[in-house]
Amino acid sequence: QVHLVESGGGLVQPGGSLRLSCAASMDINSIYVMGWYRQGPGKERELVATLLDVGFTNYPDSLKGRFTISRDGAKNTLYLQMDSLKPEDTAVYYCYAAMTYWDYRSDSGTWGQGTQVTVSS
């Protein structure tokens, strides 16, 4: 089973940028889908972005244009570039990986421990 470790969170001012990283313990090119989710204070966990092994990406409409998911197969690392950050982006951000389509469908993938992002002046 893959092990995921997030990093890159912190405190940033509104309008600023952050890049999160998710280091995987195995070759990410063999993982069906990886993604980022977040959970804000008093909110349910929500999708931020996903990236399929074939390169397709998916974002909720509310985040398109501000967030970009990418990966570096040589480093076995998934990234999330976050620009034009808003206070409502404050949340714990989690990395997710599902080895197969059925793992993804059954929500039986692997989660990282999360990294806190706080957007505040």
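User: How many of the seven residues of strand 3 are buried?

Analyst: This is a predicted model, in which local features need pLDDT of at least 70 and side-chain atom pairs count only at pLDDT 80 or more, while totals for chains, interfaces and linings use all residues. Residues are numbered from 1 along each chain as its sequence is written, and side-chain values use heavy atoms, with hydrogens and water left out. Helices (H or I, at least four residues) and strands (E, at least two) are DSSP runs numbered from the N terminus, and buried means under 20% relative accessible area, exposed over 50%, and partly exposed in between, with a 1.4 Å probe and protein chains only. By that cut-off strand 3 is mostly covered, and the number of its buried residues is five.

User: Which residue of strand 3 is the bridge partner of Leu4?

Analyst: Two strands pair if DSSP finds at least two bridges between them. Strand 1 and strand 3 run antiparallel and are joined by four bridges. Within this pairing, the partner of Leu4 in strand 3 is Ala24.

User: Which residue of strand 8 is the bridge partner of Arg19?

Analyst: Strand 3 also pairs with strand 8, in the antiparallel sense and over six bridges. In strand 8, the partner of Arg19 is Gln81.

User: Which residue does Cys22 form a disulfide with?

Analyst: A disulfide is a pair of cysteine sulfur atoms within 2.5 Å, and the structure holds one. Its link is left-handed, with -80° about the S-S bond, and it connects distant parts of the chain, from Cys22 in strand 3 (residues 18-24) to a cysteine in strand 9 (residues 91-98), 73 residues apart. Both cysteines are buried. The sulfur atoms lie 2.0 Å apart, and the partner of Cys22 is Cys95.

User: Is Asp107 buried or exposed?

Analyst: Asp107 is placed in the loop between helix 1 (101-105) and strand 10 (110-111). Its phi is positive, about 55°, although it is not a glycine. Most residues other than glycine have a negative phi. Because its relative accessibility is 55%, Asp107 counts as exposed.

User: Where does Asn76 lie?

Analyst: Asn76 is a residue other than glycine with a positive phi, near 55°. Its place in the chain is the loop between strand 7 and strand 8.

User: What is the radius of gyration of the protein chain?

Analyst: The protein chain has one helix and eleven strands, running β-β-β-β-β-β-β-β-β-α-β-β from the N terminus on. The radius of gyration is taken over C-alpha atoms, and the globule rule is 2.2 Å times the number of residues to the power 0.38. For 121 residues that rule gives 14 Å, and the chain comes close to it, so it is as compact as a globular protein of that length, with a radius of gyration of 14 Å.

User: What percentage of the 121 residues counts as buried?

Analyst: The C-alpha atoms fill a box of roughly 40 × 30 × 25 Å, taken along the principal axes. Of the 121 residues in the protein chain, the share that counts as buried is 41%.
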